Amino acid sequence: MVFSQKEQPIFFTHKTHVETAGLSCDTCHTFAADGSFNGLPRLDACNSCHAGLDSLQTPEPNSSETRRAREAEVNFIKNYVMTGQEVPWIVHQKQPDNVFFSHAAHYKRCFSCHLTMKGNLNLGTPENPQRLCQTCHPSLEELDKNLPVSVNVLTGYSKTTMKMATCEHCHAHPGHFYNDGKGRAFANNACFTCHR
């Protein structure tokens, strides 16, 4: 009763963008010049492929699936690309106001070790960071529909917002507490590191 179901403003398929267009996570979800994470893609990232109705990527419908995808693309181009209006995406994992989280710090720190590790501890490559992203986010490249968003009506946060236990999986891992020669640990587990 505490959660209400919300729909994204447009139909979107990660599967098509990954398999057909050959995009990776960081093609659309990028870092700003100051190292902060832009998160949801801005319209200008979409405009390179979806400039207008003459740039439709979806083929003429021959099934209900392609019909739905084409209708969604036409809707997107007419209502957002041609008007210049940003898509009001619903955020799946917005952090509470008392939590500080830096994608840039995690991206740089995690990759510095996990690119060279063997087996399951290897998290991909800079060119293909999906495995690093999937450490915290669900695997989206196989999805051919929008994920449902359940929002807490009292707090406004999504049901899938990361919980502290998810963070502790890495931050409290004993392997992360080693000396770098300067008396510092690479993964700080102090409360004030994340809670401000």
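Which residues does W89 touch, not counting residues up to four places away in sequence? Let's take a look, view by view. This is a predicted model, in which local features need pLDDT of at least 70, side-chain atom pairs count only at pLDDT 80 or more, and totals for chains, interfaces and linings use all residues. Residues are numbered from 1 along each chain as its sequence is written, and side-chain values use heavy atoms, with hydrogens and water left out.

**View 1. The surroundings of W89.** Leaving aside residues up to four places away in sequence, W89 touches Q8, P9, I10, F12, L40 and P41 (contact: heavy atoms within 4.5 Å).

**View 2. The nonpolar core.** The largest nonpolar core holds I10, L43, F76, I77, Y80, V81, V87 and W89, 8 residues in all. Such a core is a set of buried Ala, Val, Leu, Ile, Met, Phe, Trp, Tyr and Cys residues joined through side-chain atoms within 4.5 Å. Here buried means under 20% relative accessible area, exposed over 50%, and partly exposed in between (1.4 Å probe, protein chains only). With 4 residues, α4 gives the most to this core; helices are DSSP runs (H or I) of at least four residues, numbered from the N terminus.

View 3. T66, R70, A72, E73, F76, I77, Y80 and V81 are the buried residues of α4. They sit on the same side of α4, because their arc around the axis is only 160° (taken from the directions from the helix axis to the C-beta atoms). These buried residues pack against α3 (43-47), while the face turned away from the buried side carries the exposed residues S64 and E71.

Technical notes:
Helices (H or I, at least four residues) and strands (E, at least two) are DSSP runs, numbered from the N terminus.
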